[in-house]
Amino acid sequence: MKIGLIGLGKMGANMAQRLLEGGHKVVGYDRDPQAVKRIVDQGNEGAASMDELAAKLPTPKIVWIMVPAGKPVDDTIDLLLKHMKAGDILIDGGNSYYKDSMRRAKKLAESGISMIDAGVSGGIWGLKEGYSMMVGGDEKAVSVMRPVFEALAPGKEKGWGHVGPSGSGHFVKMVHNGIEYGLMEAYAEGFELLRKKGEFGLDLHQVAEIWRFGSVVRSWLLDLTADALSKDQDLKGISPFVADSGEGRWTALEAIDLGVSLPVITQSLYERFSSQDSEEFGGRLLAMMRHEFGGHAVKEGK
């Protein structure tokens, strides 16, 4: 199968290589010519524009986009529409908001174009391990794309599935990422507590390695943590700034809409907000109030 792939960052390039290894051919386009060159060097085809990409694809056209959520997705779809027609399939493999995916699918359906929303997990390890994919959209279009999903997944029948109608794939991926926030926060808090217990002189890497085997808290995240701690237990040179890319916020908002209690996921999101606050005004205000009502000392700051 020949697929157009738009967005050739690290993940997109790895997907292109895995598809090639699975017997599929990719025609790739990215605004960065060097990104296009990298997949050409893999053995895939490149395109210098969306026009060229469309011209190199057979009918019906299949185009997979891997671009940042929001306006970039809408802009890309608008540019593609002049090249696509009834019977074509468009897959959004980025982390789009599920309600946007529902809106886009409805719009494309008016032109007879099927849109699949595929929540993709695997990051930079997907090339080796395969990608977990949560797929939403029309059953017929998903069936056409089955060989592609099977090539990208860890196995033909594992790590991916058609979870429901348009929007459901990105909804499941949104919740997946919310859970990810909570897991990461729990590990971070636990290892911080271990480190603070100075009297025991605990070897954090040793503890991580013990937990990796047989423990109920073993996981791939713990494997990665153990590897990082083997190199530097003090994590020198790493700023305690943790970005949030949107999915955690959407998960928390959805929980409010549905009246579902998500204390761990929501608090992990708040912890990320706290790490991003370079001014720490709230903390300084607390110190000031304590000083004002009780005369307690305050530390000098910037």
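What follows is a walk through the fold, from the overall dimensions to the sheet, the core and a surface patch.

The model is predicted: local features need pLDDT of at least 70, side-chain atom pairs count only at pLDDT 80 or more, and totals for chains, interfaces and linings use all residues. Residues are numbered from 1 along each chain as its sequence is written, and side-chain values use heavy atoms, with hydrogens and water left out.

The C-alpha atoms of the protein chain fill a box of roughly 75 × 40 × 35 Å along the principal axes. Its secondary structure comes to 13 helices and eight strands, where helices (H or I, at least four residues) and strands (E, at least two) are DSSP runs numbered from the N terminus. Of the 302 residues in the chain, 39% count as buried; buried means under 20% relative accessible area, exposed over 50%, and partly exposed in between (1.4 Å probe, protein chains only).

The eight strands form an open sheet with mixed pairing, in the order E3-E2-E1-E4-E5-E6-E7-E8. Strands E3 (45-46) and E8 (160-164) are the edges, each pairing on one side only. Two strands are taken to pair if DSSP finds at least two bridges between them. E1 and E4 pair in the parallel sense over three bridges, with Leu5 standing opposite Trp64 in E4.

Further along the sheet, strand E5 (residues 89-92) runs parallel to E6, and four bridges join them. Here Leu90 has Met115 in E6 as its bridge partner. E5, helix H5 (residues 98-109) and E6 make a right-handed β-α-β unit; a crossover is right-handed if, with the strands pointing away from the viewer, the path from the first strand over the helix to the second runs clockwise.

Strand E6 (residues 114-121) is largely enclosed by the rest of the structure, because seven of its eight residues are buried. On its other pairing, E6 is joined by five bridges to strand E7 (residues 132-136), and these two run antiparallel. Ser121 has Ser132 as its bridge partner in E7, and Gly119 has Met134. Four of the five residues of E7 are buried, so E7 too is largely enclosed by the rest of the structure. E7 and E8 pair in the parallel sense over four bridges, and Met133 has Trp160 in E8 as its bridge partner. With H7 between the strand names, E7, H7 and E8 make a right-handed β-α-β unit.

Next comes the interior. In soluble globular proteins, nonpolar side chains tend to be buried together. A nonpolar core is a set of buried Ala, Val, Leu, Ile, Met, Phe, Trp, Tyr and Cys residues joined through side-chain atoms within 4.5 Å. The largest one has 31 residues, of which Trp64, Ile91, Ile116, Met133, Met145, Phe149 and Leu152 touch the most other members. The elements that each supply at least two residues of this core include strand E1 (2-6), helix H1 (10-21), helix H2 (33-42), strand E4 (62-65) and helix H7 (139-152). H7 contributes the largest share, seven residues.

Last is the surface. Met289 lies in helix H13 (residues 281-294) and counts as partly exposed because its relative accessibility is 40%. Together with Phe281, Leu285, Leu286, Met288 and Phe293, Met289 forms a nonpolar patch with about 630 Å² of accessible area. Patches are made of residues with over 30% relative accessible area and no salt bridge, like charges being joined within 9 Å and nonpolar side chains (Val, Leu, Ile, Met, Phe, Trp, Tyr) within 5 Å. A salt bridge is a side-chain nitrogen of Lys or Arg within 4 Å of a carboxyl oxygen of Asp or Glu. Accessible areas come from the Shrake-Rupley method with a 1.4 Å probe; for residues, only the protein chains shown count as cover.
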